Amino acid sequence: MITPTVVSTRHVAARERAAVWQELVKSRFDGLESDLYGDTEFDGEMTSLNAGDVVLTRLEANRHRVIRSKRAGRDSDVAYLKIVAPMCGSAGVEQHGRRTWVGPGAWTIYDTTGSYAVGNPERVEHLIVMLPKSKIAEPKLRLDRLMARDAGGSSGISRVALATMRSTFDELPDMSADAANGAGDLIVQLVRESLLELAGRPSESAQREILKDRIRRYVALNLRDPSLSVAQIALALNCSKRHLHNAFATDENTLSDHILRLRIEACIQVFQQPTSQSRPITDIALALGFCNMSHFSRVFRDHTGTSPSQFRLSLNSCSTKIRVTH
């Protein structure tokens with residue numbers, strides 16, 4: 001029989017729970033700092049069970065976040081990797097310059113020997129699993145590249161790992177010590193296999209750049225199509241509009257802005273061709289995908305600071321090229 005260890009604020013006076021929780025977290029996890037988003041009321045409980053040297057904890061608590069400084073990470077005696085697998089609520093993990101959010105049905109992992117932060121912006125129920133880092137590390141795995149990434153949980157080996165962690169926690173109280181050791185070893189094996197699979201997948205930032213390149217190629221090929229839109233691109237690339245917008249989330253301009261900019265730049269190139277000087281501006285705009293002349297004129301002025309006719313007149317009169325400003 002495996003006996004759980006329970007740490008709770010429920011038997012503490014309400015006004016003292018926030019401070020008690022912060023002290024419990026600090027003492028139990030080698031100086032880990034806990035922040036309650038400025039809340040003065042708090043309620044939390046942690047139930048921990050050991051499967052050999054793997055520690056599984058069910059956390060139920062109000063919103064909070066935990067932060068480990070670089071110094072606290074270096075001073076930790078035991079090197080652990082820690083998994084957060086939400087059952088209710090969500091968790092945002094930051095480490096090595098990355099930040100990922102996971103909810104029920106997914107999990108992520110981070111290294112307790114380095115600095116990190118975990119945000120829980122709503123009341124949560126999480127399964128937290130601590131595994132000895134030495135049992136996961138191997139030459140094929142660059143662990144620093146896998147921390148604070150979404151390991152999945154909806155399919156494949158990561159789903160098997162998640163289901164095993166959950167069922168192990170539920171069944172541990174009825175297991176013998178030998179069975180618990182075996183369950184812990186199985187979790188280590190499944191997590192290692194999940195990380196090996198994750199290592200073979202591009203990171204979220206790399207996936208975003210790959211998608212962005214596909215979008216840009218499609219836009220360039222279809223720039224003259226007046227029906228070109230975010231919805232059309234999503235259909236052509238077999239992905240959601242949300243994924244398209246996310247691909248440009250770190251850019252100054254949106255995908256729609258990107259399309260307009262390319263059309264204006266193409267228009268300017270046409271204006272600069274001597275053979276196009278007698279061609280009506282309306283024909284040029286329509287040929288480059290604009291359907292509405294007032295919209296074209298407004299967008300052109302926003303990008304160049306002048307109207308299409310004034311721009312072309314300046315080219316004719318003094319060969320001055322006005323550069324796109326946005």
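## Strand pairing around β5

Two strands are taken to pair if DSSP finds at least two bridges between them, and the strands themselves (E, at least two residues), like the helices (H or I, at least four residues), are DSSP runs numbered from the N terminus. This is a predicted model, in which local features need pLDDT of at least 70 and side-chain atom pairs count only at pLDDT 80 or more, while totals for chains, interfaces and linings use all residues. Residues are numbered from 1 along each chain as its sequence is written, and side-chain values use heavy atoms, with hydrogens and water left out.

Strand β2 (residues 33-35) runs antiparallel to β5 and is joined to β5 by three bridges; S34 has V66 of β5 as its bridge partner. Strand β10 (residues 116-120) also pairs with β5 in the antiparallel sense, over five bridges, and here I67 is partnered by A117 of β10.

Buried here means under 20% relative accessible area, with exposed being over 50% and partly exposed in between (1.4 Å probe, protein chains only).

## Aromatic pairs and their cluster

The structure holds seven aromatic pairs, where rings of Phe, Tyr and Trp (its six-membered ring) pair if their centres lie within 6.5 Å, and planes under 30 degrees apart count as stacked, over 60 as edge-to-face and the rest as tilted. One of them is the tilted pair of F271 and F311, at 6.2 Å centre to centre and 35° between the planes. This pair links distant parts of the chain, since F271 belongs to helix α9 (residues 255-271) and F311 to helix α12 (residues 308-318), 40 residues apart. F271 and F311 are both buried.

F296 and F300 form another tilted pair, with 5.8 Å between centres and 55° between the planes. Because F296 and F300 are four residues apart in helix α11 (residues 293-304), about one helical turn separates them; both are buried. Together with F290, the residues F271, F296, F300 and F311 form one aromatic cluster.

## Lysines over rings

A charge is said to sit over a ring if NZ of Lys or CZ of Arg is within 6 Å of the ring centre and within 35 degrees of the ring normal. K82 lies over the face of F29, 4.5 Å from the ring centre, and K212 lies over the face of F248, 5.6 Å from the ring centre.
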